[in-house]
Structure formats: C-alpha cells, structure tokens
Amino acid sequence: MKILVLTEKPSVAKEIARVLGCNQKQKHHYEGAKYVVTWALGHLVTLAEPDDYDPKYKTWNLEDLPIIPERMKLKVMKETSQQYRAIEQLSRRGDLAELVIATDAGREGELVARWIMELIRWKKPFKRLWISSQTDQAIREGFAQLKPGTDYNRLYQAAVCRSEADWLIGLNVTRALTSKFGASLSAGRVQTPTLAMMINREAEIRDFRSVDYWLIEADLGSFRAVWRDPKTGDTRIFDRERADALKAKLQGQSGKILQVQKTEKQIPHPLAYDLTELQRDANRKFGFSAKQTSNVLQRLYEQYKLVTYPRTDSRYLTSDMVPTLLGRLKGAAIGPYAALAAPFIRKPLTITKRIVDDTKVSDHHAIIPTGEAISLATLSADERRLYDLILRRFLALFSGPCRYDETKLTVEIAGEKLYASGKVVKQAGWKDVYGATDFTDPDREETESDDDSAQLLPQAAEKDAVTARNARQLSRQTKPPARYNEASLLSQMEKWGLGTPATRADIIEKLVSSDTIERQGSLLVPTGKGTQLIELASEELRSPELTARWELELERISKGKGSMEQFLSGIRKKAAELVDEVKKSSAAYKPHNLTGSKCPDCGEFLQEVKGKRGRYLVCSSRECSYKREADGQLTNHRCPQCHKKMEIHTGKSGKYFQCRPCNVVEKIDNESTGGGRRASAKANRQLIEKFSDQTQLGSSLADKLMAALQQKKDE
C-alpha cells in the first residue's frame with residue numbers, strides 16, 4: 001500500500017518527491033515505491049459565490065442583502081479544476097491507504113488541504129507534515145515524525161472561521177455600499193479599519209497647525225550645551241522675546257560645570273526576525289513593499305532552502321533547536337560572512353532568553369538561516385539583500401551587547417542651566433556584525449525627541465570654568481504627524497492585531513488595487529475614494545478594536561480555547577447589522593475622480609479610473625457604458641534611460657513607445673497600417689501582449705465590482 005502526499009505548490013511537490021524517491025513523473029503527480037506526491041495550486045477549493053446559492057444574486061441589488069447562507073458551500077475553482085480532478089482520481093485508487101498533508105505549515109495551508117479532502121470525501125487516515133524549512137534533512141525528519149492529522153483540527157476550524165468571516169462581512173458590506181452608492185466600494189473585516197487608521201492620520205495632518213519655537217545652544221569651545229526649561233525640562237521656547245533675552249543673557253558669559261555624570265550603558269542584541277519585523281526592516285533599508293519582501297522571502301525558503309518558514313509571528317527559537325545552531329552558522333559562513341561567523345564557530349555559543357524561549361513560540365519559530373550552502377552569485381540582487389539582513393541578524397544573536405559610556409554635563413552660566421551629553425563606545429558587540437557606529441536600538445521606535453548625543457565630550461570635572469563663546473538661537477517649527485510608509489503601517493497593524501504576518505502585505509496591496517490608497521514615493525496616501533469610503537462605512541467596521549477582537553478569538557479557536565459556533569454566530573449577526581446600517585444611511589457618494597471632460601454619448605462628466613493597463617475615462621452616468629483610454633497603455637518595454645515601463649501611443653506616423661518621466665520616444669517598426677479601426681485594435685492588443693507580463697493575475701475585486709455594476713445597467 002502507498003501513501004498519498006498533498007503539497008501546496010508544484011515546486012514543493014517536486015522537492016518532496018525527490019527526497020522521497022518518487023522518480024516517476026506523471027502529468028499531475030510523482031510516484032515512487034512507497035509514496036505518490038501531488039500538489040494543489042494554492043486554493044483549488046473555495047467558498048461558493050452568492051449566485052451558486054441563487055442565480056438572482058448575479059445581479060447586485062440592495063434589497064437582496066444580507067446574503068447569509070445557513071451552511072456555507074464549497075466549490076472547485078474553475079481555473080484550477082483540472083488539478084483538482086486529478087487529485088480526486090488519485091484519491092479513488094485502492095492502493096492508497098493514507099494521506100499526508102504537506103501544505104504550508106500554517107492556518108491557510110491547513111485550509112487548502114482540508115477543503116480538498118472534504119470535496120474528494122477522503123475517509124481514510126491522514127497525517128500532518130509540520131516542518132519549518134524545506135531542506136532535505138528537514139523533509140526526511142518531518143516524514144519520520146509525522147503528526148496525527150486530527151491534532152490540527154482546531155487550526156482548521158480557525159481557518160474556516162477566518163474565511164467565512166471575510167466572506168460574510170466583506171461580501172455583504174461591499175455589495176451594500178456598491179449597490180447603494182453606485183460605485184465600486186470595497187470593504188472588508190481587516191482592510192476597512194486599516195484604511196480608517198490612514199484616514200485618521202490624514203485628518204491629524206490636515207488639522208495640524210505648525211508653531212514656531214526656538215532652541216538656545218551655547219558653544220563652550222570644546223563642546224556644545226543646550227538650555228532647558230527648569231520647570232518642564234523642555235528645550236523648546238515658544239516665546240520669541242524670551243528666546244532673544246536668553247541668547248543675550250548667555251552671550252560671552254562665564255560659568256562653571258555643576259555636575260559630571262558618567263554611566264555605562266548597553267544595548268542588547270536585537271531579537272530574531274518574524275515576518276512583520278523583516279518587512280519593516282526591508283522597507284526602511286531598501287524601500288521594499290511588504291508584498292515584495294514576502295515574495296522574495298518565499299523564494300529564499302522554497303527555491304533556495306536558505307531560510308526557515310517565512311510566515312511566522314515569533315521572534316524566538318525553541319530549545320530543541322539549540323544543537324542545530326552551530327551547524328547553521330558553519331553552513332552560512334561563506335564569502336563575506338566567513339570572517340564574521342568565525343569568532344562564533346571557535347567557541348561555545350552564548351544562548352540567552354532573548355534567543356531561545358519556548359513560551360514565546362506557537363506554530364513556528366523566528367526566521368533564521370537553514371545552514372544550506374549556496375553560491376551567493378546565484379541569488380538576484382533583491383534575494384541577496386534580504387538574505388543578508390536575515391544572516392546578519394542571526395549572527396547578531398550570539399554577539400554581546402553594545403556597551404558605551406554616556407557622559408552628561410550640567411553647566412551653569414548667568415544663573416541658567418544648560419546640558420550636554422555624549423557617548424563613547426567601549427565595546428561594539430553586536431554592532432560589529434553590521435559595521436555600524438550609531439547607537440540606535442533596532443527594537444525601539446525612533447522618536448523626534450531623541451537627544452543628539454553624537455558629540456565627543458572632553459575630560460571634565462565639577463567646578464571647571466566654561467565660557468559661552470557664542471550663544472545661538474536655532475529657529476524650528478513643530479512638525480505634523482508623518483504619513484504612513486509600509487514600515488510604520490505594518491507596525492500599526494501589528495499593534496492593533498489587524499490581520500496576521502501572512503496577510504498584512506496582501507491587505508496593503510488590496511487597498512492599492514481598489515484605488516483607496518496610492519503610493520507616493522515611499523509613502524502610502526489615501527485617495528479621495530478611500531476618504532469617502534470611510535465616511536460611508538459603519539463606524540464599528542472602521543474600528544480596529546472590533547477586528548482585533550475577532551483576530552484574538554481566531555487565535556483562541558486555533559488553540560482550543562474558543563468556540564467556532566459562537567464566533568460565526570456573532571459574525572452573521574454583525575454582517576446583518578452592518579448591511580442594515582448601509583440601507584438606512586442618508587449619505588451621498590460624490591465621485592472624487594470626475595474630470596472636466598464630458599461623455600460624447602450622453603453629456604455627463606467622465607471619471608478617470610485606473611485599470612490593469614493604465615488609466616481610463618468612463619462615463620459617470622450609471623445608464624451609460626462609454627469608456628476609452630485616458631493615456632497610452634503601459635507595457636513591459638523599458639525606457640533606455642530610466643528603465644521604467646513605457647506606454648504605447650498612436651500618432652500620425654503610427655504606433656510608438658513613450659516614457660512619461662523622461663519623454664523618450666521610440667517608434668515601433670514592422671507594424672501593419674491597414675485593416676481599419678478593428679485591425680488597429682487587434683494590433684494594439686498584440687503589442688500589449690508582446691511587451692507585457694504573461695503571468696495571469698486573475699481579475700481584481702475592483703474589476704469584479706465594475707462588471708457587476710455594468711451587468712446591472714444592462715439589465
């Protein structure tokens with residue numbers, strides 16, 4: 001008898017099959033003497049659509065809401081139905097006695113497998129492969145220590161709750177808002193409170209009024225000292241006349257050092273990475289989006305087997321890993337890392353509670369190197385940079401703290417007290433791994449009020465004389481709160497428990513694709529559409545506290561402490577309440593993207609919308625279907641100067657590429673000019689396909705919403 005192994009992706013199936021000796025490659029599986037290895041393509045099975053329950057739901061009508069099925073149905077995804085049927089046929093083989101779930105070791109991976117098992121009606125025994133890296137050794141050890149599949153029933157329940165909650169809340173509220181206000185308004189259990197946080201920050205920025213203030217700094221020759229208010233300790237002076245008087249009072253005056261305070265301080269090594277912290281760091285250092293980091297990290301995990309399981313929420317290791325740490329160091333000690341790793345390899349590793357803590361690891365430990373040897377030249381630039389972050393953080397774990405002396409001087413001049421501070425490194429410790437000289441604690445958020453302590457202070461003693469050679473009055477202004485970038489938004493999502501490390505990047509991308517936020521350089525900025533969506537959405541749905549409570553309950557369910565039935569009952573009730581609130585709303589939606597151009601068919605103003613291939617102008621009237629391109633369609637043909645994607649345009653001499661930022665133009669040769677408008681459109685499509693990505697991304701939620709609205713118009 002053989003064992004059926006179900007993985008999440010073909011690439012993982014290929015590697016597991018190789019390790020298990022399954023050398024017979026078939027179209028939909030690999031086979032060996034003991035195992036048959038097949039694969040999903042992500043989710044092969046999903047929750048049924050509303051029109052699978054009743055055809056009337058194909059049309060979006062407010063009066064049909066809420067849609068709350070008594071029991072949620074499953075269906076096979078059309079795009080991947082061939083692979084599903086192949087798995088179904090395999091499951092009927094009489095020589096397969098057992099199934100091993102080898103999908104990703106997490107909540108969503110469990111859901112991928114269990115839904116397939118439910119539809120194929122798998123009744124035979126099943127076990128779970130639970131590993132944190134894709135190395136050959138990890139796969140062999142995992143198959144030698146398979147867990148009973150039923151041990152993960154509660155994790156499966158939490159995954160079902162998450163999926164059904166997103167369907168019930170997201171689908172009902174999205175349909176309600178879209179039907180009520182005639183615009184594609186996408187809402188969700190996590191994305192709406194995330195967007196609301198950004199809108200609130202915009203309001204803070206908009207309402208902020210900058211105020212002038214001054215700092216008084218005295219040049220004392222060998223160091224600088226800053227005046228502080230004796231009552232509040234604040235260095236800022238908001239009264240110009242007081243600042244002028246203080247400057248004049250100190251200028252050229254003599255004084256003395258009242259106090260010299262010297263203390264030794266230290267910054268412990270940073271914690272290992274979880275996914276969210278790695279996404280933050282990659283955004284700060286390289287400008288990577290959270291999604292970009294996730295994608296690169298997945299390749300390092302699956303393709304190169306260089307790092308452990310990516311979608312973890314823990315920054316600690318488990319005690320059973322301690323014997324493997326030296327081997328991981330030796331395996332990673334190649335190229336530029338050999339010299340850095342050498343001191344740790346030569347002596348016993350220092351293991352502390354900041355590295356190993358079983359109580360702070362749930363499903364997966366922190367992201368660390370596997371120790372697999374590889375030629376670094378095989379990695380792309382992005383892969384190399386991300387691997388460098390992970391490896392250096394791993395080396396830092398075994399380094400001592402950064403130790404430094406901090407000296408603080410209190411000076412009195414003309415009856416006023418001024419203060420100076422400076423730091424001198426005694427032992428760089430873990431900073432040596434980074435070659436860094438600053439004193440930033442990577443696990444502490446930077447603040448504007450951090451003192452400037454970079455200056456070197458002279459040897460000084462109490463009662464030493466000083467003279468204010470020059471008193472400077474430094475003009476400053478209070479600053480508004482900063483807009484979110486991906487690093488700071490991820491921090492807020494983590495703080496409020498919005499989403500999980502595995503889903504936060506996708507939530508940000510959803511907000512971008514639905515045109516509710518946009519990227520402006522490194523910043524994320526809400527659009528006019530996003531602002532209106534938050535005004536129209538329920539106040540309760542906007543609240544991060546509600547979603548945080550839901551996420552906490554999902555976590556409790558996965559650990560066997562919460563009730564699946566109670567959670568879903570509450571979700572169903574809340575979905576109905578949210579829809580009812582939209583129905584009763586007296587608010588109005590005003591398109592934020594109206595242009596000055598009018599529709600040639602009906603005379604209404606045109607709206608500018610973003611599509612997959614660029615911007616479009618569509619009629620704002622719900623009864624009119626006019627649509628045309630607003631500018632050239634974006635291709636993958638790159639500008640020879642800035643290397644950005646170029647647009648296709650049609651001019652008097654034919655079609656040409658144009659780069660907007662550089663205004664570089666390239667004529668497209670060898671094109672047919674005959675055939676009229678229809679032939680021209682066909683040629684245009686062929687050019688777009690030729691110079692565009694071939695990856696099928698699937699239709700976005702925004703496209704589905706617009707299609708639904710269009711169907712409603714046609715009917």
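## The cavity

A cavity is a set of grid points where a 1.4 Å probe fits but cannot get out. In this predicted model, the structure holds one such cavity of 30 Å³ or more. The largest cavity contains about 70 Å³ of space.

By class, the lining divides into seven nonpolar residues, two polar and one charged.

## The chain as a whole

The protein chain has 715 residues, and 48% of them are buried. Its secondary structure comprises 22 helices and 26 strands. The accessible surface comes to about 35,700 Å². Carbon and sulfur atoms hold 47% of that surface.

How much of the contact set links residues 24 or more positions apart? Among contacts in the chain with a separation of 6 or more, such pairs account for 72%.

## Helix 11 and its cover

Helix 11 spans residues 322-332. Its buried residues are L325, R328, L329, G331 and A332. Viewed down the helix axis, these buried residues fall within an arc of 160°, so they line one face of helix 11.

## E98 in strand 7

E98 belongs to strand 7, which runs over residues 96-102. Is E98 buried or exposed? Its relative accessibility is 16%, so E98 counts as buried; the cut-off for buried is under 20%.

Neighbours within four places in sequence are set aside here. Beyond them, E98 is in contact with K2, I3, L4, W122, P125 and K127.

Q253 sits in the loop between helix 8 (240-250) and strand 12 (254-267). Its relative accessibility is 37%, so Q253 counts as partly exposed.

Which residues does Q253 touch, not counting those up to four places away in sequence? They are I413, A414, V466, T467 and A468. For one of these, V466, the sequence gap to Q253 is 213 residues. The C-alpha atoms of Q253 and V466 are 8.7 Å apart.

R85 lies in helix 3, residues 81-91. At 43% relative accessibility, R85 is partly exposed. H28 is 57 residues from R85 along the chain. The C-alpha atoms of R85 and H28 are separated by 9.7 Å.

A144 lies in helix 5, residues 136-144. With a relative accessible area of 65%, A144 is exposed; the cut-off for exposed is over 50%. A144 and L129 are 15 residues apart in sequence. Their C-alpha atoms are 9.4 Å apart in space.

## Backbone geometry to check

Most residues other than glycine have a negative phi, and most peptide bonds are trans.

A cis peptide bond joins L65 and P66, with omega about 0°. P66 lies in the loop between helix 2 (50-53) and strand 6 (74-76).

Phi of D515 is near 65°, a positive value in a residue other than glycine. D515 is placed in the loop between helix 16 (504-513) and strand 17 (517-520). Its relative accessible area is 15%, so D515 is buried.

H643 also has a phi near 65°, positive in a residue other than glycine. H643 is found in the loop between strand 23 (633-638) and strand 24 (645-651). Is H643 buried or exposed? Its relative accessible area is 53%, so H643 is exposed.

Conventions
Residues are numbered from 1 along each chain as its sequence is written. This is a predicted model: local features need pLDDT of at least 70, side-chain atom pairs count only at pLDDT 80 or more; totals for chains, interfaces and linings use all residues. Side-chain values use heavy atoms; hydrogens and water are left out. Buried means under 20% relative accessible area, exposed over 50%, partly exposed in between (1.4 Å probe, protein chains only). Helices (H or I, at least four residues) and strands (E, at least two) are DSSP runs, numbered from the N terminus. The arc is that of the directions from the helix axis to the C-beta atoms. On a 1 Å grid over the protein atoms alone, a cavity is a set of points where a 1.4 Å probe fits but cannot get out, and a pocket is an open set with protein on both sides within 12 Å along at least five of seven lines; lining residues have an atom within 4 Å of a point. Grid points are joined across faces, edges and corners, and a volume is the space filled by probe spheres set on the points. Ala, Val, Leu, Ile, Met, Phe, Trp, Tyr, Cys and Pro count as nonpolar, Asp, Glu, Lys and Arg as charged, and the others, Gly among them, as polar. Contact means heavy atoms within 4.5 Å. Accessible areas come from the Shrake-Rupley method with a 1.4 Å probe; for residues, only the protein chains shown count as cover.
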